[in-house]
Amino acid sequence: MASSKIDSPLRGHVKNSLCEYHKKGLFRHAFELQARDRNRVSINGRSLINFSSNDYLGLSSHPKILESINRAANIFGFGSSASPLVCGKTKIHGELERLLATRTGRDRALLFPSGYQANLGVIAALSRLPGSMFYLDRLCHASMVDGVVLSRAKFRRYNHADAASLEGLLKAADSIHKLVLTEAVFSMDGDVCPFDSLVPVINKYSANLIVDDAHGFGVMGNNGAGTLSQFQVGQDSAPLMIGTFGKAIGLQGAFVAGENDLIELLIQSARPYIYSTAMSIPLAAGTIESLHIIERESHRVQGLFERIYYFQKLCEDMGIKSQNTNTPIQPILIGDSRDVMRACEELQRRGFFVVGIRPPTVPEGTARIRISINVDHELSELEMLAESLAEVLKSGVEIND
């Protein structure tokens with residue numbers, strides 16, 4: 001009884017908070033998939049075409065990747081059993097790190113359990129350098145924002161993809177280490193960072209660029225080396241880049257690649273690396289195979305972009321105001337969170353699995369339907385989605401310009 005009385009104020013506040021989420025149309029829940037086959041998912045007994053997955057190249061169930069995973073599991077087991085610095089790192093992890101360094105054109109690479117932990121580790125380690133100051137794109141991923149907040153680092157935010165805004169901040173800075181953080185492909189908007197205008201500004205003020213390429217790695221650049229590769233931004237201008245395996249690679253985990261001493265600093269001081277169990281050994285083996293497949297089967301990336309451009313043309317022809325991003329992420333801005341969820345429910349009723357993205361993931365007033373295109377989508381499926389989307393939007397949901 002005593003514990004119940006102590007807990008009652010907490011429980012009341014929790015209930016009030018949950019009610020507020022409901023009222024504002026911000027309540028979230030996870031769908032349980034009963035089955036998944038390429039780009040189709042089964043939810044509550046219904047088969048839906050999946051337009052929400054980040055499996056851009058359709059590699060999550062590739063037979064050769066599954067073979068590599070099973071082969072490694074038979075030799076090593078599945079779990080790595082310890083952190084990398086204890087006894088969790090194997091020769092497979094080492095091989096993957098060397099392959100990632102070569103693919104991205106960096107000195108070294110270091111594996112992390114997730115992209116979120118990679119960003120936390122990088123930012124916390126660099127924040128301990130005397131005189132460090134971070135400069136974040138206003139639409140940076142939550143993991144970067146959390147990284148600077150949790151590390152108690154000094155930081156400023158510049159206007160999204162705005163080199164002039166960044167220059168104004170760097171010009172007024174008196175910090176020793178100016179560290180610029182950006183995504184390469186922005187996860188909720190799908191647009192690409194304008195490195196051609198950003199990098200000259202960063203170099204002008206002797207700043208250092210740190211890039212999260214979660215949604216570009218595997219899709220952009222030479223052999224999927226990433227967006228920096230596509231823009232020919234080398235290690236001298238961008239000494240650290242972060243990539244993940246949960247998107248185009250089709251698996252799970254992440255890495256940081258960069259200058260030798262910076263990677264060594266992470267090994268010595270990045271707490272998410274030091275105190276997390278190492279990446280699953282079979283997943284590391286599967287990731288190696290996935291990287292080889294991307295290099296061998298270049299038609300996958302080509303097919304993906306053909307579908308992206310086809311969907312954009314469909315939207316144009318049907319009067320759908322899409323963002324026309326040249327990436328697999330195709331957001332349809334609506335604005336109001338409740339309108340977004342009603343539109344998503346109607347699209348699901350019509351056989352399409354799409355998810356509404358609402359604040360705080362995106363700024364207030366910019367709730368959207370986030371459509372993800374992958375290489376397994378048939379052109380006819382893109383046509384059906386565009387037709388349904390046009391009908392749903394015309395039935396009462398207004399699109400924000």
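Hi everyone. One definition to begin with: partly exposed means a relative accessible area between the buried class, under 20%, and the exposed class, over 50%. Keep in mind that this is a predicted model.

Let's start with the salt bridges, of which the structure holds 15.

A local example is Glu 20 with Lys 23, whose closest N and O atoms are 3.8 Å apart. Both residues belong to helix α1, 3 residues apart, or about one turn of the helix. Here Glu 20 is partly exposed at 35%, while Lys 23 is exposed at 57%.

Then there is Glu 346, which meets Arg 350 at 2.9 Å, N to O. Shared partners join Glu 346, Arg 349, Arg 350 and Glu 391 into one network.

Now, on to helix packing. How do α7 and α8 cross? Their axes come within 9 Å, at roughly 10 degrees, and the two helices are therefore roughly parallel to each other. Among the residues in contact are Leu 166 and Leu 170 of α7, and Leu 198 and Val 201 of α8. By class, that contact has 6 nonpolar, 1 polar and 2 charged residues.

Last, the cysteines. The search found 0 disulfides. Cys 140 is buried, at 8%, and its sulfur is 8.8 Å from the closest cysteine sulfur, in Cys 193, so the two are too far apart for a bond. Thanks, everyone!

Technical notes:
Residues numbered from 1 in each chain as written. Predicted model: local features only at pLDDT ≥ 70, side-chain atom pairs only at ≥ 80, totals over all residues. Heavy atoms only, no water. Axes fitted to C-alpha atoms, helices over the stretch in contact; angles between N-to-C directions. Helix = DSSP H or I, 4+ residues; strand = E, 2+ residues; numbered from the N terminus. Parallel < 35°, antiparallel > 145°, perpendicular 65-115°, else oblique. Contact = heavy atoms within 4.5 Å. Nonpolar A, V, L, I, M, F, W, Y, C, P; charged D, E, K, R; others polar. Disulfide = S-S within 2.5 Å. Buried < 20%, exposed > 50% of the residue type's maximum accessible area, 1.4 Å probe, protein only. Salt bridge = Lys/Arg side-chain N within 4 Å of Asp/Glu carboxyl O.
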